[in-house]
Amino acid sequence: MLQAVLLAGDPAEKVDFMIHEVFSYQLFGQTVRITTSHVCLLIVVLTLIAFFIIGGQIFRHASEIPSGFQNILEIIVEFLDGMVDKTMGKKGKGFRNYIGTIFIFILFSNISGLFGLRPPTADYGVTLPLGIVTFLLIHINEFRYNSVKDIWKDKCSPLPAWFPLWMPINLIGDFAVPVSLSLRLFANVLSGTVMMALVYGLLSKVAYAWPAVLHVYFDLFSGAIQTYVFCMLTMTYIKNAMGPDEVPSAKPKTEKAEDEASEPEKAAA
Amino acid sequence: MGEFNQAFIYGCSAIGAGLAVIAGIGPGVGQGIAAGYGANAVGRNPGAKGDITSTMLLGQAVAETTGLYGLLIAMLLLFVKPFKI
């Protein structure tokens with residue numbers, strides 16, 4: 001029936017982007033299926049572990065003037081730290097490790113399609129935990145940096161604090177964050193996977209060498225953008241939950257007012 | 001009769017999947033507008049090209065989400081087949 005929908009009656013299952021079962025075993029009366037997602041995830045994680053071990057060795061014997069692989073590692077670390085510092089400000093120093101880790105993990109997962117794997121992030125079971133971790137971080141930090149009274153006031157926000165009519169809407173908005181974050185990453189990577197499967201499956205005789213261009217777009221470009229977006233949004237949400245840095249409350253307001261005042265002039269010019 | 005119903009449901013699912021990906025129009029227009037304003041901003045202030053590009057890409061990726069929801073619905077209709085007899 002799948003072929004009837006997709007391929008107009010081709011009997012051979014050529015278009016294949018599904019998750020397959022590798023083997024299964026019984027655990028407490030349940031069948032546990034090990035799928036291609038698990039295998040690809042394991043390959044990615046082992047690659048990353050090897051990468052980190054080699055990187056750790058190199059940084060242990062780091063030289064003052066970097067050369068070779070140490071250059072690359074320093075570029076990566078400086079880029080990630082700079083990104084976190086620029087987005088999250090003073091309070092975000094502790095998030096460098098987490099954001100750096102998920103950035104490298106999602107990036108490697110996304111571009112693993114280049115190496116013939118099925119990207120692990122094209123499985124909702126991989127992206128939903130990432131979204132849930134983001135959700136937990138948002139709310140743990142909200143409670144760490146704000147008083148319960150302020151949070152209550154924020155949850156009732158358009159209406160006064162003694163009248164929590166609007167709170168369910170705000171709560172739905174909070175719970176939509178992990179769902180939309182994980183669905184965005186999942187659907188983007190899945191769409192790339194499906195497109196590549198369609199190209200390879202339907203144009204089997206014609207698809208020589210030139211699909212590399214599509215790989216550059218769907219795997220490298222799209223994967224890198226989505227990685228960046230996931231990390232950026234995670235950082236923005238956490239920063240919003242933490243509240244502003246310790247600055248006098250009058251100062252940002254005046255800056256904002258100046259900006260607003262100067263913008264019509266720019267538009268007029 | 002059952003065979004006919006099954007085929008009818010698959011056909012309607014395919015039509016529904018096609019209708020669902022019409023959702024792609026909105027993000028296309030939105031991303032184009034965002035890219036246009038991004039180019040405009042770079043023309044005004046070429047020094048801030050990096051910041052403008054990253055902001056534009058972030059906004060575009062967020063705007064893309066609605067289109068991807070449509071794609072997901074289409075995928076569910078075609079491959080998960082929720083309306084089986």
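**Reading a helix pair and a chain interface**

Mentor: In this predicted model, the axes of α7(A) and α8(A) come within 10 Å and cross at roughly 175°.

Trainee: How are α7(A) and α8(A) oriented to each other, roughly parallel or antiparallel?

Mentor: Angles over 145 degrees count as roughly antiparallel, so α7(A) and α8(A) fall into that class.

Trainee: Which residues of α7(A) meet α8(A)?

Mentor: On α7(A) they include A:Val177, A:Leu181, A:Leu185, A:Met195 and A:Val199, and among their partners on α8(A) are A:Leu214, A:Phe218, A:Phe230 and A:Tyr237. By class, the contact of α7(A) with α8(A) has 14 nonpolar, 6 polar and 1 charged residues.

Trainee: How is the size of an interface given?

Mentor: Often as the accessible area lost when the parts come together. Here about 1800 Å² is buried between chain A and chain B, and carbon and sulfur atoms give 78% of that area. Chain A puts 23 residues into the contact and chain B puts in 17.

Trainee: How many salt bridges and polar contacts are there between chain A and chain B?

Mentor: The count is 1 salt bridge, and 2 residue pairs are in polar contact, both residues at pLDDT 80 or more. The salt bridge joins the side chains of A:Lys86 and B:Asp51, at 3.5 Å from N to O.

Trainee: Which helices of chain A supply the side that touches chain B?

Mentor: α1 (2–6), α7 (167–202) and α8 (211–242) each supply at least two residues. The largest share, 9 residues, comes from α7(A). That side of chain A divides into 16 nonpolar, 4 polar and 3 charged residues.

Terms used
Residues numbered from 1 in each chain as written. Chains lettered and ligands numbered in written order. Predicted model: local features only at pLDDT ≥ 70, side-chain atom pairs only at ≥ 80, totals over all residues. Heavy atoms only, no water. Contact = heavy atoms within 4.5 Å. Buried area = accessible area lost by both parts, 1.4 Å probe. Salt bridge = Lys/Arg side-chain N within 4 Å of Asp/Glu carboxyl O. Polar contact = N/O pair within 3.5 Å; in protein donor to acceptor, adjacent residues only side chain to side chain. Helix = DSSP H or I, 4+ residues; strand = E, 2+ residues; numbered from the N terminus. Nonpolar A, V, L, I, M, F, W, Y, C, P; charged D, E, K, R; others polar. Axes fitted to C-alpha atoms, helices over the stretch in contact; angles between N-to-C directions. Parallel < 35°, antiparallel > 145°, perpendicular 65-115°, else oblique.
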